[in-house]
Amino acid sequence: MLLHDTALIYGRYLRQSLRSRFALLFGVLMPLLYLLFFGPLLTGLPLGERGSSWQVLVPGLLLQLGLFGAAFAGFTVIVENGQGVVERMRVTPVSRLALLLGRVLRDATVFVLQAVLLVLAALVMGLRAPLPGVLIGFAFVALLTVSIASLSYAMAMNVRTPQEFGPVINALTMPSMLLSGLMLPMTLAPGWLDVLSHFVPFRYLVDAVRDAYVGRYTSAHMFYGVLVACGFTGLAVTVGTRVFRTAGA
């Protein structure tokens, strides 16, 4: 029943997303602009990492896509709450876990498709990376999307207006982006900032994907990245499910 219910919710929201092709393309616009206007500035610079500047920048942009896109996913729940959609779903026999999984799996599908477009553009710009590394990058984007979207929906269930939701998300995502080394490796930062960044879980995901893009699949960065990504996803889905079960009850 869980699989059946999840498929129903997933199909409903995926059809909504596919009908809005403009939104799909617009969602990948910001990382593309970073790729086009910021990427050439890094060419030839000593970034302290193995591989080219594109193998440093593109993994960060992929995870930036998942981080920012998934963080704002909760806006849809605020709208649906106002229209009574969420409450009508919750009085049905549908699993509460399915109500969350259907949404976050839709988000993961959308952002992985956008990540594919971003990588294709990066290949034109000069990116060269092994195919297994690129696929591993997509897997990390999916895990990051599921975890962040779960927390975003959980937070959205406990606020009444977008005006309450937006500032909180901005206050959380910007420091996370800066401290995780999405744009540049944190090894270039002062020692105290590098140490501080290790308390941000996204740092481990960025390091793992960068290793994957240079073919280092068995490194310590990869091990810690997989461990943190899976643990964080499990925790976030658990929190999101509990909120969908109890919020407003």
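1. Basis. The model is predicted, with local features requiring pLDDT of at least 70 and side-chain atom pairs counted only at pLDDT 80 or more, whereas totals for chains, interfaces and linings use all residues. Residues are numbered from 1 along each chain as its sequence is written, and side-chain values use heavy atoms, with hydrogens and water left out.

2. Largest pocket. On a 1 Å grid over the protein atoms alone, a pocket is an open set of points where a 1.4 Å probe fits, with protein on both sides within 12 Å along at least five of seven lines, and lining residues have an atom within 4 Å of a point. The largest pocket has a volume of about 770 Å³, a volume being the space filled by probe spheres set on the grid points, which are joined across faces, edges and corners. Of its 29 lining residues, Ala-23, Gly-27, Gly-69, Phe-72 and Phe-111 are the closest to the centre.

3. Its lining. Helix α8 gives the most to the lining of the largest pocket, with five residues; helices here are DSSP runs (H or I, at least four residues), numbered from the N terminus. The lining of this pocket divides into 18 nonpolar, eight polar and three charged residues, where Ala, Val, Leu, Ile, Met, Phe, Trp, Tyr, Cys and Pro count as nonpolar, Asp, Glu, Lys and Arg as charged, and the others, Gly among them, as polar.

4. Second pocket. The second largest pocket has a volume of about 210 Å³, and its lining comprises nine nonpolar, three polar and no charged residues. Among the residues that line this pocket are Leu-67, Ile-148, Met-155, Phe-202 and Phe-232.

5. Core. The largest nonpolar core has 66 residues, and Val-58, Leu-62, Leu-63, Phe-140, Tyr-153 and Tyr-213 have the most contacts inside it; such a core is a set of buried Ala, Val, Leu, Ile, Met, Phe, Trp, Tyr and Cys residues joined through side-chain atoms within 4.5 Å. Leu-63 lies in helix α5 and is buried, with a relative accessible area of 3%, buried meaning under 20% with a 1.4 Å probe and protein chains only.

6. Arg-103. This residue of helix α8 counts as buried at 1% relative accessibility. The side chain of Arg-103 makes a polar contact with the side chain of Glu-80 (2.9 Å), that is, a pair of N or O atoms within 3.5 Å, of which one must be able to donate a hydrogen and the other to accept it, and residues adjacent in sequence count only if both atoms are side-chain atoms.

Terms used: Helix = DSSP H or I, 4+ residues; strand = E, 2+ residues; numbered from the N terminus. Buried < 20%, exposed > 50% of the residue type's maximum accessible area, 1.4 Å probe, protein only.
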